[in-house]
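This briefing is meant to be read beside the sequence and the coordinates. Please keep both in view while going through the points below.

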Amino acid sequence: MTTDSHHTPDHEAPHDGPIKTPRQLVWAVLFAFIVPIIGIILLVTYVGAGKKPGAGTDFMAEEAVARRIQPVGTVEIRSAAAGGGVLRTGEQVFQAQCSACHSSGAAGAPKVGDEGAWAPRIKTGYEALLTSALKGKGAMPPQGGAAASDVEIGRAVVYMANQAGAKFAEPKAPAGAATAAAPADAPAAAAAPAAATATVAAAAPAAAPAAAQGAAAPALYAQACQACHAAGVAGAPKTGDKAAWAPRLGQGVDALTASAIKGKGAMPPKGGSAASDAEIKAVVTYMVNASK
């Protein structure tokens with residue numbers, strides 16, 4: 001058997017590549033660049049879309065995470081005394097907030113010292129009376145509408161109940177809280193409220209601009225007037241009730257202020273507050289404007 005010396009084995013034969021024409025070369029080069037670029041664009045678009053709020057990404061949004069991890073409850077830390085750390089006595093709280101109704105028996109409130117009216121209430125115990133005072137009952141708003149601490153409200157309850165024969169112990173001040181001197185403790189103590197009033201008066205109220213006193217009117221209203229004027233207790237015209245205020249508006253602010261300062265009907269002088277005449281005029285103006 002003979003072999004052709006010019007025969008070339010198959011593995012030594014020239015190979016033809018996939019690119020045979022210049023056009024194919026151009027397309028190959030273009031695809032080599034375009035395909036990666038398209039892939040990069042799609043990847044960037046995908047990653048960028050993950051940062052936008054949407055149905056699929058809200059779960060990891062900062063606000064969504066905050067909502068999921070927020071506590072189910074909150075703790076509110078209140079000062080031992082609403083007035084800045086000094087606890088008022090029961091009598092002081094009574095004069096400032098409770099006397100408007102409990103001195104006259106307005107809206108069925110038991111009068112201070114009326115043993116017959118207080119006897120069934122005293123039998124329920126201090127805790128029951130305190131709960132009613134804190135949460136409100138009937139025409140009486142929570143805490144009597146006062147900006148007072150629970151301890152101060154408790155002291156006012158004890159003061160009123162003990163005036164009618166109860167023997168309740170006065171709530172003790174929390175550690176670190178000072179107690180205001182009672183008016184009857186000593187001559188100096190009796191002068192303390194007047195001195196405090198004089199200090200406040202010298203600081204600003206008498207000379208304060210009307211705008212500043214007007215800004216404080218809502219707070220004074222909430223403290224001294226809301227208890228009766230929000231619910232219409234003892235015939236007090238409700239704030240915002242145009243029909244009830246109409247005949248009073250004709251008297252003018254000055255006449256209404258004079259009545260508020262002196263007291264009228266079940267309303268004690270200055271609503272039982274220690275506000276200045278200018279402050280009373282500001283709160284009267286506040287109620288008048290809200291009821292026009």
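Predicted model: local features only at pLDDT ≥ 70, side-chain atom pairs only at ≥ 80, totals over all residues.

Contact here means heavy atoms within 4.5 Å. With that cut-off, and leaving aside neighbours within four places in sequence, serine 291 is in contact with Lys238, Thr239, Gly240, Asp241, Lys242, Trp245 and Leu249.

**The chain as a whole**

- The secondary structure comes to 11 helices and 2 strands, and from the N terminus on these elements run in the order α-α-β-α-α-α-α-β-α-α-α-α-α.
- Of the 292 residues in the chain, 27% are buried, while the accessible surface comes to about 18600 Å², with 63% of it belonging to carbon and sulfur atoms.
- When contacts between residues at least 6 apart in sequence are considered, 60% of them join residues at least 24 apart.

**Helix α6**

- Helix α6 covers residues 150–163, and at 1.5 Å a residue its 14 residues should span 20 Å, which agrees with the 20 Å between its end C-alpha atoms.
- Because 11 of the 14 residues of α6 are buried, this helix is largely enclosed by the rest of the structure; the buried residues include Val151, Ile153, Val157 and Tyr159, and also Glu152 and Arg155.
- Just after α6, glycine 165 takes a positive phi of about 110°.

**Nonpolar cores**

- In soluble globular proteins, nonpolar side chains tend to be buried together.
- The largest nonpolar core has 20 residues, of which Trp118, Ile122, Tyr126, Leu129, Met160, Ala161 and Phe168 touch the most other members.
- Two or more residues of this core come from each of α3 (90–102), α4 (115–123), α5 (126–135) and α6, and the largest share, 7 residues, is given by α6.
- Methionine 160, leaving aside its neighbours within four places in sequence, is in contact with Phe94, Cys98, His102, Val112 and Trp118.

**Serine 291**

- Serine 291 lies in the segment after α11 (277–290), and its relative accessible area of 1% is under the 20% cut-off, so serine 291 is buried.
- A polar atom of the side chain of serine 291 lies 2.8 Å from the backbone oxygen of methionine 287.

Notes: Residues numbered from 1 in each chain as written. Heavy atoms only, no water. Helix = DSSP H or I, 4+ residues; strand = E, 2+ residues; numbered from the N terminus. Expected span 1.5 Å × (residues − 1). Buried < 20%, exposed > 50% of the residue type's maximum accessible area, 1.4 Å probe, protein only. Areas by Shrake-Rupley, 256 points an atom, 1.4 Å probe, with all protein chains shown as cover. Core = buried A, V, L, I, M, F, W, Y, C linked by side-chain atoms within 4.5 Å. Polar contact = N/O pair within 3.5 Å; in protein donor to acceptor, adjacent residues only side chain to side chain.
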